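Here is a short briefing on one protein chain. Keep the sequence and the 3D view open while you read.

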Amino acid sequence: MNALHFGAGNIGRGFIGLLLAQNGFQVTFADVSEVLIDAIKKEGKYRVILADESHEAVPVEGVFGINSAKEPDALKEAVLKADLITTAVGVNIVPHIGRSLLEGIKERLHQEKVTPFSIIACENAVGATKVLKEALYEGLSEDEKTLAEMYIGFPNSAVDRIVPMQKNENLLDVQVEPFFEWVVEEDAVKGELRSLEGVHYVKDLTPYIERKLFTVNTGHAATAYFGLLKGHETVLQAMKDEEVVTAVRGVLKETSAYIVKSYGFDEKEHQAYVEKILSRFENPYISDDLTRVARSPIRKISPSDRFMKPAMGLISLGLEPKDLARAIAALLLYINEEDPEAVVLQKDLKELGLSEVLLKYAGLSEEDALAKLIKKEYILLTD
């Protein structure tokens, strides 16, 4: 079984690549990073080190590398023979991957015998595979789209594994937390991929995507913004501050209410999930810089992202998202001259004012209940 994985970074090697190799795939990494691809070509192996007291090192061997910017023929050949294609490149890069697959996919669809396979975008975003599919389909004829629907599976997925900032003696070695979760839309899979160990297959992915996004990502970001307000530098420092932890728990209590009421998760089971997530934030081996977790505040305040979506969902359920509003207010107070989005956000707050910023980036008018809550909490935090 051959797997072509786009993204040779830490998540690609330490999560998706590892899991595929453990399931018997021969893994080929495609990336534009000459340094990483040259190292993969030279070494053909690396280690995944668990970020816990054991520091267990798991070997990953027999891997290959393709420079996707400079080796189009090799990339096309890898597409032709892949039983599975995956990505871990960042949601903004996903459309580019869709277009880079085009020539290989077109030739594959016109072969005398087409072998079914799947393409899965393993990104920290809702519907990332759909985005990739749409970019790919822009270059296909109507006949080719019909063939693609027959032979290519495009399951969306939800992925969760924290990879800390790190510097290892061996460039390719990567540290990851022991916990991981990879959830895949079962009915969208094509090819022999429904029995991969370590993959959880579900009929409806949305509840699992939102559970992860509004617990892990919302909680992590809230820890960063509340922690930075208190002068902390790392997640671990912030999680040792009772005030920060209380604020984060308040946020997750609200997102839990939204998730349980919206999708019918068992309340006790979901609370156990929340406690597991909080314990991950307290892991001293994966503590991250708060500025890295807090980066890209404009994206994080968008209507479909980790704060706005559950907050608006609670309001639609007749509940008041006071703690989420406070987290959004903390986000609006995030200052980092090295973060382009933070610079733009602070500039707009100064020139346009809070109401216009909430309308511009969060889609909230002055009369929206959530806008009023955010303004109230913003004033309290700035007093």
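Two residues are in contact when heavy atoms lie within 4.5 Å. On that basis, residues 24 or more positions apart account for 70% of the contacts in the chain with a separation of 6 or more. The model is predicted. Its chain has 18 helices and twelve strands.

**Overall build**

- The radius of gyration of the chain is 22 Å, close to the 21 Å that the globule rule gives for 383 residues, so the chain is as compact as a globular protein of that length.
- Along the principal axes, the C-alpha atoms fill a box of roughly 70 × 50 × 45 Å.
- Of the 383 residues in the chain, 53% are buried.

**Nonpolar cores**

- In soluble globular proteins, nonpolar side chains tend to be buried together.
- The largest nonpolar core here has 57 residues.
- F226, I301, F307 and L332 have the most contacts inside that core.
- Which residues does F307 contact, leaving aside its neighbours within four places in sequence? They are T218, A221, A222, Y225, K300, L324, A327, I328 and L331.
- A second, separate core has 35 residues, including V48, L50, L84 and L193.

**Packing of α8 and α11**

- Helix α8 covers residues 206-229, and helix α11 covers residues 267-281.
- The two helices pack at an angle of about 35°, and their axes are 11 Å apart.
- The crossing of α8 past α11 is right-handed.
- From α8, the contact uses R211, K212, T215, V216, G219, H220 and T223.
- From α11, the contact uses H270, Y273, V274, I277, R280 and F281.
- By class, this contact has five nonpolar, five polar and three charged residues.

**V248 in helix α10**

- V248 is found in helix α10, residues 242-263.
- V248 has 0% relative accessibility, so this residue counts as buried.
- Not counting residues up to four places away in sequence, V248 touches G219, A222, T223, F226 and L278.
- Of these, F226 is among the residues with the most contacts inside the largest nonpolar core.
- G219 and T223 also take part in the contact of α8 with α11.
- The C-alpha atoms of V248 and I49 are separated by 29 Å, and the two residues are 199 residues apart along the chain.

**The loop between α12 and α13**

- R295 sits in the loop between α12 (290-294) and α13 (297-300).
- S296 lies in that loop too.
- Is R295 buried or partly exposed? R295 counts as partly exposed, because its relative accessibility is 42%.
- S296, at 18% relative accessibility, counts as buried.
- The cut-off explains the call on S296: buried means under 20% relative accessible area.
- S296 is not a glycine, although its phi is positive at about 60°.
- Leaving out residues up to four places away in sequence, R295 touches Y225, K300, Y334 and D339.
- Y225 and K300 are also in contact with F307.
- R295 and D339 are 44 residues apart along the chain, and their C-alpha atoms are separated by 6.3 Å.

**H55 in the loop between β3 and β4**

- H55 is found in the loop between β3 (45-50) and β4 (57-61).
- H55 has a positive phi of about 50°, although this residue is not a glycine.
- With a relative accessible area of 39%, H55 is partly exposed.

**L102 and Y137**

- L102 lies in helix α5, residues 102-109.
- Y137 has its place in helix α6, residues 128-137.
- L102 is buried, with a relative accessible area of 18%.
- Y137 is buried, with a relative accessible area of 12%.
- What separation do the C-alpha atoms of Y137 and L102 have? They are separated by 8.4 Å, for residues 35 apart along the chain.
- For L102 and E138, 36 residues apart along the chain, the C-alpha separation is 9.2 Å.
- Not counting residues up to four places away in sequence, L102 touches L136, G139 and L140.
- Leaving aside its neighbours within four places in sequence, Y137 is in contact with K145, A148, E149 and F154.

Definitions and conventions. Residues numbered from 1 in each chain as written. Predicted model: local features only at pLDDT ≥ 70, side-chain atom pairs only at ≥ 80, totals over all residues. Heavy atoms only, no water. Axes fitted to C-alpha atoms, helices over the stretch in contact; angles between N-to-C directions. Helix = DSSP H or I, 4+ residues; strand = E, 2+ residues; numbered from the N terminus. Left-handed = near helix turned anticlockwise from the far one by under 90°. Nonpolar A, V, L, I, M, F, W, Y, C, P; charged D, E, K, R; others polar. Core = buried A, V, L, I, M, F, W, Y, C linked by side-chain atoms within 4.5 Å. Buried < 20%, exposed > 50% of the residue type's maximum accessible area, 1.4 Å probe, protein only. Rg over C-alpha atoms; globule rule 2.2 N^0.38 Å.
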